Each structure stands twice: as C-alpha cells, then as structure tokens.
Amino acid sequence: MPDAQNILFLLTDQHRLDAVSCYADTPCRTPSLDTLAEEGVRFENAYCPCPVCTPSRASLLTGEFPHNHGMTENAGNEGCSIHAVPDRPDLLPRRLDDAGYDLGYTGKWHLCPASDDVFGVDVPQRVPSDLGFRGHDIPGHGDGGWQTGPYRKYLDDQGYTLEFDMLDDHPGGRAGVVEAPTSATVPAYLADHTISLLEEFQDRDSPFCLLHSFWGPHEPYYPSREFYEQYADVEIPPWPTADWPAEDIPGVHHNRLSERAQTAAWEEWAEVVRHYYAFAAMIDSQIGRILEYLETSGLAAETLVVFAADHGETLGSHGGLVDKGFHHFEEIMNVPLIVRFPDGQWKNTTRSELVSLLDLYPTFLEAASIDADTTDRYGQSLYTLLEDDGTEWRDAVGMEFHGLGGISHSQRTIRTNDLKYGYNPGLRDELYDLSLDPAETQNLVDNPAYETELEEMRDHLRAWQAETDDSLPSPGDPIY
C-alpha cells in the first residue's frame with residue numbers, strides 16, 4: 001500500500017472514446033490527455049456501471065451499482081429511486097475525510113435535484129459541502145454550467161459578454177460557437193476554480209482529494225470560436241453504423257430515435273460532430289492548464305491523477321441514435337480511463353483487462369492508505385491489477401440501465417473479451433461477437449452457431465446478479 005497520496009480526479013460528461021485521440025484514429029485532437037496517457041496507464045476496456053449521469057456518478061462515490069445505492073435514474077426524474085446521494089460513513093468523501101484529507105469539488109454535481117420538491121415530496125439538496133467538500137455547490141444538472149450563478153458572476157467580474165452562433169435545424173442536441181475568448185467559457189472557468197483550490201491545498205500539511213467535474217462534452221456543444229475553427233473544414237468520416245436500420249430491428253427497444261435524426265444526411269451529423277470534437281478539444285486544453293499547474297507547483301510528484309468519463313455518447317451512431325441509454329452499445333458504455341501514478345510507475349502502459357469505474361473506489365482508498373475492507377463490493381483496486389501480473393482478474397464486466405427521462409426500461413449488459421450480451425426483459429435479447437463485429441450490427445442471439453456462447457453469457461449475467469444482489473429476474477426466470 002502506498003503512502004497517502006494526493007488525488008486529482010478529472011471527470012468529463014458523456015465523452016466518446018473517439019473524442020480522445022490516444023484511443024482512436026480520429027480527427028479529434030486531445031494532446032493533454034495523450035500526454036497523460038504517455039505518463040501513465042491507459043485502460044482500453046473500461047466500462048461505466050450505467051450510461052446515465054446520476055447513477056454513474058453516485059457509483060463513483062459509493063463503490064456500488066445503481067441497483068444497490070438507489071440512484072437509478074437522473075436525480076429529480078421519475079425513475080430515480082433515491083434523489084439525493086446517500087450520506088453514509090462508507091461514502092468515499094467520508095472515508096477520505098476521516099483519514100485527514102482536505103476535499104475539494106469543482107463543477108457538475110448532479111447527485112441531488114435542482115429543487116427540494118420532487119413530485120410533492122421533500123428531498124434534500126445534498127450538495128458537496130454537505131459531504132465535506134469545499135468549492136462548488138451546484139444542485140441539479142446545471143444545464144452545461146452556462147446559466148449557473150457562480151459562472152455568471154465570473155463573467156460579470158471579468159467583464160465578459162457571451163454571444164452564440166447557434167447551429168440551427170440539425171439532428172443532434174444544442175450546438176453553437178461561443179463568440180468570446182476561450183477564457184470566457186465554462187471549461188476555462190472550471191479550470192480556474194480547480195487551480196485556485198490547488199493553490200489552497202498546496203500550503204497545507206494534509207493530503208487532498210480534488211474532484212473536478214466538467215459539464216462537457218455533454219450537450220450543449222459550445223466550443224469557442226478559437227477551437228471550432230480548428231475543425232470547421234475537417235472531414236468527419238461517417239460512423240460505421242451511420243446507416244444501420246435501428247427502427248427496423250425487431251423486438252428491441254431503441255428509444256433514443258427521432259425521425260429527424262434518422263433521416264438526416266451524414267453531412268448534417270458531421271457538423272454536429274465537429275462542434276462536439278471542438279468542445280472536447282477545448283476541454284482538453286483546460287485539462288492541460290490544470291496539469292501544468294500541478295507540475296509547476298511541485299504537486300505532481302505526490303499526486304495520483306485519474307481521468308475518466310461518466311459514460312459515452314451516441315451522436316448519430318447506430319442509425320441516428322441520440323444521447324444515451326436504451327441500448328447496450330460500446331459508444332455509450334466503453335469509457336476512457338487514464339491513471340497517472342505520482343512515482344512514474346507503469347509509465348506509458350496500456351492494459352486491456354475488463355475494468356469498471358467501480359474499481360476507482362478501492363483504488364482511491366488504497367492511494368489514501370486507507371485499510372478498508374471492500375470485499376463486499378464489485379470493484380477491485382487497480383493497484384492489485386498493476387502490481388501483480390498473475391493476479392486473478394474478472395473475466396466479465398457488468399453494466400445496467402433503468403431508464404431515462406421518465407421512461408423506465410430495465411436492461412443488463414455483460415461483456416467478456418469477445419462477446420457482449422444484452423438482456424432485455426420482455427423483449428428480444430442481444431448477443432454481439434466483438435472480435436468479428438466491433439460495430440455491433442449483427443445480433444447473434446438466434447444464431448444456432450452461438451447457442452453455447454449465448455448460454456455461457458447468460459451464466460455470466462446470473463453470476464454478476466448474484467454477486468451484486470441484483471433483484472431483477474434473471475434470463476429464463478418469469479418476469480411477472
């Protein structure tokens with residue numbers, strides 16, 4: 001176990017793998033994250049516990065799946081069982097606080113509703129300061145941060161005025177170019193806030209854990225003019241699944257479809273992707289500012305740096321899907337995860353093991369030298385994986401989905417090295433061979449050649465459900 005280390009956790013929102021250039025052959029350039037990967041460990045097969053903001057973020061603080069901690073949908077929405085992150089002694093910030101850590105928070109929270117009245121029920125607005133953090137206290141989603149009080153005050157204090165050149169009548173989410181300096185944007189404001197917290201913490205004797213949470217590149221996609229111009233004339237090749245007939249696939253629920261999204265020409269989607277890539281690149285530049293401050297201040301030598309996304313983004317893939325949820329595809333579940341260790345250990349390493357974001361909870365505890373028993377949790381410390389090449393690691397990773405936007409829809413997903421099984425209770429299941437079909441376009445669930453593999457994957461799912469106390473009926477069980 002290492003000596004207690006500082007922890008800097010950089011979290012982005014709805015970040016596709018192809019918007020991180022060290023992960024893909026992509027027009028999107030993210031030099032700061034590329035450098036971080038060169039200095040640390042890049043995990044190729046990292047998965048979110050749930051491809052929705054609140055459930056995934058609550059899992060990071062609890063070390064549990066949504067069906068355990070209860071935040072099963074976005075806070076304030078009908079499908080969420082618990083609307084405020086549970087304050088318990090085993091919550092990550094409580095454990096770190098007990099160990100003498102200073103705690104800081106920047107940006108998006110989304111672990112309580114914007115209002116304390118949810119469907120006529122009084123719900124606590126449990127913000128970061130209620131859990132021991134100093135820094136931002138912004139309940140609800142925050143709508144990208146652009147209308148939040150602290151950011152609007154920052155604009156006023158700096159004398160900035162924002163204008164947006166909006167992309168109108170297109171198939172994706174809100175997109176536009178910010179006609180102001182990059183320093184006037186939300187990502188730059190958040191970087192300023194984190195750097196100010198780092199300045200505070202470096203003068204203290206105690207270690208710190210600072211959680212920096214960007215709102216982007218989640219929609220609205222609002223890059224500054226400086227960054228949009230870098231992509232304005234870049235050719236965006238179509239997704240391999242751009243023409244996939246999503247609405248014609250029998251027995252499967254692809255809710256995130258619209259006629260406009262499905263019938264749009266690729267160049268319309270390409271322009272949305274340009275805004276998304278430019279936004280991701282702008283966020284990368286602000287990550288670079290934070291990492292540069294770590295270096296110049298001398299903090300880098302004693303700070304564990306983790307970069308991850310809470311989940312991915314469809315962005316028109318699979319025949320015009322938008323947003324996330326309601327399916328099992330890699331673009332929303334396979335997330336970037338890069339870890340840089342303060343002593344340069346495992347520098348410029350790539351690992352292909354199946355990793356879950358739930359592995360970060362025990363990893364942070366180990367980095368903090370907290371001797372905590374996590375045997376009742378799914379996650380395993382990444383130190384265990386990296387320190388012992390012979391360690392027994394999982395051969396399958398599980399994910400779940402409970403619905404979005406007031407639409408309940410239970411799904412469970414299991415991924416092994418080559419296969420992905422999607423369990424859709426009451427509907428048709430899905431099975432993909434990722435070694436032959438990485439784009440996940442051929443459902444093999446009824447293919448007799450995969451009969452044995454299908455049953456093995458269902459066994460993996462049953463084992464995962466038993467391990468995590470998931471009460472959803474297993475494949476083959478009666479649903480009613």
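Four strands, in the order 13-14-15-16, make up an open sheet with antiparallel pairing (two strands pair if DSSP finds at least two bridges between them; strands are DSSP runs of E of at least two residues and helices are runs of H or I of at least four, numbered from the N terminus). This description rests on a predicted model, in which local features need pLDDT of at least 70 and side-chain atom pairs count only at pLDDT 80 or more, while totals for chains, interfaces and linings use all residues. Residues are numbered from 1 along each chain as its sequence is written, and side-chain values use heavy atoms, with hydrogens and water left out.

Strand 13 is joined to strand 14 (residues 407-415) by 7 bridges in the antiparallel sense, and Leu404 has Ile407 of strand 14 as its bridge partner. Helix 14 (residues 451-467) lies across strand 13, strand 14, strand 15 (419-423) and strand 16, and runs at about 65° to strand 15; contact here means heavy atoms within 4.5 Å.

Helix 6 (residues 186-202) packs against helix 9 (residues 266-297) at an angle of about 15°, their axes being 9 Å apart. Helix 6 is therefore roughly parallel to helix 9 (angles under 35 degrees count as roughly parallel, over 145 as roughly antiparallel, 65 to 115 as roughly perpendicular and the rest as oblique). Among the residues that make the contact are Ile195 and Leu198 of helix 6 and Phe279, Met282 and Tyr293 of helix 9. By class, 11 nonpolar, 4 polar and 3 charged residues take part in the contact of helix 6 with helix 9 (Ala, Val, Leu, Ile, Met, Phe, Trp, Tyr, Cys and Pro count as nonpolar, Asp, Glu, Lys and Arg as charged, and the others, Gly among them, as polar).

Helix 9 has a further partner in helix 1 (residues 31-38): the two axes come within 7 Å and cross at roughly 50°, so helix 1 is oblique to helix 9. Pro31, Ser32, Leu33 and Leu36 of helix 1 meet Asp284, Ser285, Ile287, Gly288 and Leu291 of helix 9. This contact of helix 1 with helix 9 divides into 5 nonpolar, 3 polar and 1 charged residues.

Finally, the whole structure holds 37 salt bridges (a side-chain nitrogen of Lys or Arg within 4 Å of a carboxyl oxygen of Asp or Glu). One of the salt bridges joins Arg134 to Glu200, with the closest N and O atoms 2.9 Å apart. This pair links distant parts of the chain, Arg134 in strand 6 (residues 134-135) and Glu200 in helix 6 being 66 residues apart.

Definitions and conventions. Axes are lines fitted to C-alpha atoms, for helices over the stretch in contact, and angles run from 0 to 180 degrees between N-to-C directions.
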